[in-house]
Amino acid sequence: MRIEVVTGTDTDVGETWGTAALAARALVAGLRVHVDKPVQTGVAPGEAGDVETVRDLVAAAAASGALDAAAPARLTVSEGARVGPAMAPVDAVAHAGEGTPPLPPLGEQLGRWRGLAAGVDHLLIEGAGGITVAWTEADEGPVDAVRALRAAGLDAGLTVVARPGLGTQNHARLTVEHAAARGVAPERILVSGVAADPDPVERANLVFLARLAGAHGAVLETVPRGTPPRVMSAR
Ligand SMILES: C[C@@H]1NC(=O)N[C@@H]1CCCCCC(=O)O
């Protein structure tokens, strides 16, 4: 049983796309996969959230023949909480108005993850935005999640999803160094949305990110643009 907590270097860097690619890779290997989003914000009741997007991408990949026809049945998804405003989770609760329940505390999320992990081979936990964005009112986020999972005896690691374009060097380095300083060196940097023919900026960024990953014992992998989302080892 493997648990992978997925965070971004920022919001909108292709975290869900990267999560779908990681799910697809595990499904191709024949594993039973669960994708959980502890806190989904910015989505109204009944609308598709990020985990439904992952499920739809996997279904489309199977329909196109890129995944075996039985793969979608090996994938399950869930959300821990959903809060309407498109804001950081703590702010979303504050702005959602009276009657909005507080965010689930980390202990409650941990209990859910233990239950979810028991039924599958691979559990992916997708965050909300970047590494310091809190999932709880006690200011806990992805690093705390990995630490709590490990403290509970589970095999958990951290993946950082980065975008390929200008600005990613600073965001990626801050993210990786923050995680490492808190005792959770990322195991993977996943560059989401890499062009088939990267421009000089993207090529330089891939070199930079490979060096950053190497310095922290992480692997660098990419998810090319274009469906289906798939993980490739970096050039
Ligand atoms: C709205 C989006 N929904 C979601 O689940 N993640 C995004 C939230 C990102 C929060 C970024 C906070 C910040 O870094 O400023």
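## Contacts with the ligand

In this predicted model, a polar side-chain atom of Thr 41 sits 3.0 Å from a nitrogen atom of the ligand. Lys 37 has a polar side-chain atom too, 3.1 Å from an oxygen atom of the ligand. On its own, the ligand exposes 420 Å², and the protein buries 65% of that (accessible areas come from the Shrake-Rupley method with a 1.4 Å probe).

## Who surrounds the ligand

Residues around the ligand (a heavy atom within 4 Å of it) include Thr 11, Gln 40, Ala 86, Met 87, Ala 88 and Val 133. By class, this shell has five nonpolar, four polar and one charged residues. Here Ala, Val, Leu, Ile, Met, Phe, Trp, Tyr, Cys and Pro count as nonpolar, Asp, Glu, Lys and Arg as charged, and the others, Gly among them, as polar.

## The pocket

So where does the ligand go? The space taken by the ligand is the largest pocket (to sit there, more than half of its atoms must lie within 2 Å of the pocket's grid points). A pocket is an open set of points on a 1 Å grid over the protein atoms alone, where a 1.4 Å probe fits, with protein on both sides within 12 Å along at least five of seven lines. The volume is about 350 Å³, counted as the space filled by probe spheres set on the points.

The lining of the largest pocket (residues with an atom within 4 Å of a point) has 22 residues, and Thr 11, Asp 12, Lys 37, Ala 128 and Gly 129 lie nearest its centre. Helix H1 (15-28), strand E3 (40-41) and strand E6 (122-130) each give two or more residues to that lining, and E6 has the largest share with five. Helices (at least four residues) and strands (at least two) are DSSP runs, numbered from the N terminus. Sorted by class, the lining has seven nonpolar, nine polar and six charged residues.

Asp 12 lies in the loop between strand E1 (2-8) and H1.

Elsewhere, the peptide bond from Thr 227 to Pro 228 is cis, with omega near -10°. You'll find Pro 228 in the loop between strand E9 (219-224) and strand E10 (232-233).

## How to read the numbers

Residues are numbered from 1 along each chain as its sequence is written, and side-chain values use heavy atoms, with hydrogens and water left out. Local features need pLDDT of at least 70 and side-chain atom pairs count only at pLDDT 80 or more, while totals for chains, interfaces and linings use all residues.

Note on methods:
A polar contact is a pair of N or O atoms within 3.5 Å; within protein, one must be able to donate a hydrogen and the other to accept it, and residues adjacent in sequence count only if both atoms are side-chain atoms.
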